[in-house]
Amino acid sequence: MTDTPTPRRIAPESGAHLWTAEALSPADWMVPLGAEAAAETLAPPGEPRPVLDPLLSRVAERLAHGKGFALLRGLPAPEDGAALLATLGERMGERMTVPAGSLAEGASDILLLLCRQPTTVTLRSAAAVHNALMKADRAQLEVFYRPLPHGEDLDLPVFAVSSGVFSAWLRREAIARATPAAALAALDAALETPGLALSLPLRPGDVLALNPFLVWADPASGLEALALRGKVDSRLATGAFAGLGA
């Protein structure tokens, strides 16, 4: 069991990880990959990647401490999607291997999503959902700071602040049975707050990178995924969600 008591004073979230769709423009999430960076993704292992490496380092920093997501555009749709994701991923984090269907499935510091066919992904800032719930019903927000039974002998909150760092992880189906109906209804209402959700159209070859502890994505088809543990400042290493990275 993870001991994560409710903070003595829950405060509104602020900072780069707090955003709403209506306040963003494509410049806030788009990372164009020029011809040089795109060509370097095809370089043999061990070859230097002087353009790609610093670019991906900046993206990883944005995922950990910025808005929590970025859209890499400029790659042709690859024949071997797994190889492309591996090339990108090894420069951003450590690959996670999680049994399908386990509680930890979907928990990662970085999730790379390769678009295979045109689709739309809906994203929400977890901090914006947090603040919307706080504004609507603070008492119900406090429920989601408490450890909730998720199964597999693991109790976890939905929202947590550890050493000043905000994290949020939601698997609604896992907490539904043990969460009061009023709290679940309040959370669902916060998720549907007008202006929060960003609908992001993806093209084949696009790679959407996001931090699931800061940005919540609705399920979408036509995506190939790679989950990574961050090389530094991993939310799976310390804090309320460390049990997911065990």
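Predicted model: local features only at pLDDT ≥ 70, side-chain atom pairs only at ≥ 80, totals over all residues.

Visitor: How many residues of H4 are buried?

Guide: Nine of the eleven residues in H4 are buried, so the helix is mostly covered. Buried means under 20% relative accessible area, exposed means over 50%, and partly exposed is in between, with a 1.4 Å probe and protein chains only. Helices (H or I, at least four residues) and strands (E, at least two) are DSSP runs, numbered from the N terminus.

Visitor: Which residues of H4 are buried?

Guide: Ala-126, Ala-127, Ala-128, Val-129, His-130, Asn-131, Ala-132, Leu-133 and Met-134.

Visitor: And what covers them?

Guide: The cover of the buried H4 residues includes strands E5 (119-125), E8 (159-162), E9 (165-168) and E12 (215-217), together with helices H5 (138-143) and H7.

Visitor: At what angle do H4 and H7 pack?

Guide: H4 (residues 126-136) and H7 pack at about 125 degrees, and their axes are 9 Å apart. That angle makes H4 oblique to H7. Axes are lines fitted to C-alpha atoms, for helices over the stretch in contact, and angles run from 0 to 180 degrees between N-to-C directions. Under 35 degrees counts as roughly parallel, over 145 as roughly antiparallel, 65 to 115 as roughly perpendicular, and the rest as oblique.

Visitor: Left-handed or right-handed crossing?

Guide: The H4 and H7 crossing is right-handed. A crossing is right-handed if the near helix is turned clockwise from the far one by less than a right angle, and left-handed if anticlockwise.

Visitor: Which residues of H4 and H7 meet?

Guide: From H4, Val-129, Ala-132 and Leu-133 meet Ala-186, Leu-187, Ala-190 and Leu-191 of H7. The residues of that contact divide into seven nonpolar, no polar and no charged. Contact means heavy atoms within 4.5 Å. Ala, Val, Leu, Ile, Met, Phe, Trp, Tyr, Cys and Pro count as nonpolar, Asp, Glu, Lys and Arg as charged, and the others, Gly among them, as polar.

Visitor: Now Thr-179. Where is it found?

Guide: Thr-179 is in the loop between H6 (172-175) and H7 (181-191).

Visitor: Why does Thr-179 count as buried?

Guide: Because its relative accessibility is 7%. Setting aside neighbours within four places in sequence, Thr-179 is in contact with Val-143, Phe-144, Leu-148 and Leu-184.

Visitor: Which backbone oxygen does its side chain reach?

Guide: The side chain of Thr-179 reaches the backbone oxygen of Ile-175, at 2.6 Å.

Visitor: What does Met-96 touch?

Guide: Leaving out residues up to four places away in sequence, Met-96 touches Ala-107, Ser-108, Ala-227, Leu-228, Arg-229 and Leu-236. Met-96 and Ala-227 are 131 residues apart along the chain, and their C-alpha atoms are separated by 5.7 Å.

Visitor: And Phe-213, where is that found?

Guide: Phe-213 is in the loop between E11 (207-210) and E12. It is buried, with a relative accessible area of 0%. Beyond residues up to four places away in sequence, Phe-213 touches several residues, including Ser-108, Ala-126, Trp-169, Leu-236 and Phe-241.

Visitor: Change of topic. What is phi for Ser-163?

Guide: Phi of Ser-163 is positive, about 55 degrees, although the residue is not a glycine. Ser-163 lies in the loop between E8 and E9 and is exposed, with a relative accessible area of 80%.

Visitor: And phi of Asp-233?

Guide: Asp-233, a residue other than glycine, has a positive phi near 55 degrees. It lies in the segment after E13 (223-230) and is exposed at 51% relative accessible area.

Conventions:
Residues numbered from 1 in each chain as written. Heavy atoms only, no water. Polar contact = N/O pair within 3.5 Å; in protein donor to acceptor, adjacent residues only side chain to side chain.
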